[in-house]
Amino acid sequence: MQPPHRPGLHLPLPVDSDVDWEPAPGTLARVRPHLAPAVIGAVFAGGCAGGLARYGLTLALPAAASAWPWAILAANTAGAFLLGLLLVLVLEVWTGTTLLRPFLGTGFCGGFTTMSTVVVTTDRWIGDGAPARALAYVAVTVVAGIAAAGFGLVVGRSVAVRVGQPVRG
């Protein structure tokens, strides 16, 4: 028995949009679809674009080594929002776009966001005797990322409803 649909923020996870993609028989992509040249190319192109976008953001919002890294926080938060938005749009609204998810989700967002910089900054601040600032940075990064991803899901659901896609529940 399925639970009744509850309006509001009930956001079940969408299904995988790549399950119906059939690569050519006898190819490595048939056994491992994520290794198809088109998928690898989409991830590569998206990663290049995302890395360049993050580089541009860090040029626009430079920070000294001891300053709060606003550009990295903005990139990680925006990337989380985009992933939440894409989760709904790519898997429920734009269902025929097989390469959009690896391009934007894995590639662009993977190149744009940077958790390794969060770790390096945290480690540096702890080493410099500022553990409270380091803990605050990690906490703000995590909370902002979760909130942004949730907001992306809500915006995606709103778009899905407006274009006539049923909200699953």
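I first listed the contacts of threonine 141 (heavy atoms within 4.5 Å): leaving aside neighbours within four places in sequence, they are Leu73, Asn76, Met115 and Val118. I note that this is a predicted model, in which local features need pLDDT of at least 70 and side-chain atom pairs count only at pLDDT 80 or more, while totals for chains, interfaces and linings use all residues. Residues are numbered from 1 along each chain as its sequence is written, and side-chain values use heavy atoms, with hydrogens and water left out.

Next I looked up burial (buried means under 20% relative accessible area, with a 1.4 Å probe and protein chains only), and threonine 141 is buried at 7%.

Threonine 141 lies in helix H6, residues 131-162, where helices are DSSP runs of H or I of at least four residues, numbered from the N terminus. I listed the buried residues of H6, among them Tyr137, Thr141, Gly145, Leu153 and Arg157, and found that their cover includes helix H3 (70-93) and helix H5 (115-127).

I then checked the length of H6: its 32 residues should span 46 Å at 1.5 Å a residue, and the end C-alpha atoms are 46 Å apart, which agrees. The expected span is 1.5 Å times one less than the number of residues. Just after H6, I found glycine 164 with a positive phi of about 90°.

For the whole chain, I recorded six helices and zero strands, with 30% of the 169 residues counted as buried.

Note on methods:
Helices (H or I, at least four residues) and strands (E, at least two) are DSSP runs, numbered from the N terminus. Buried means under 20% relative accessible area, exposed over 50%, partly exposed in between (1.4 Å probe, protein chains only).
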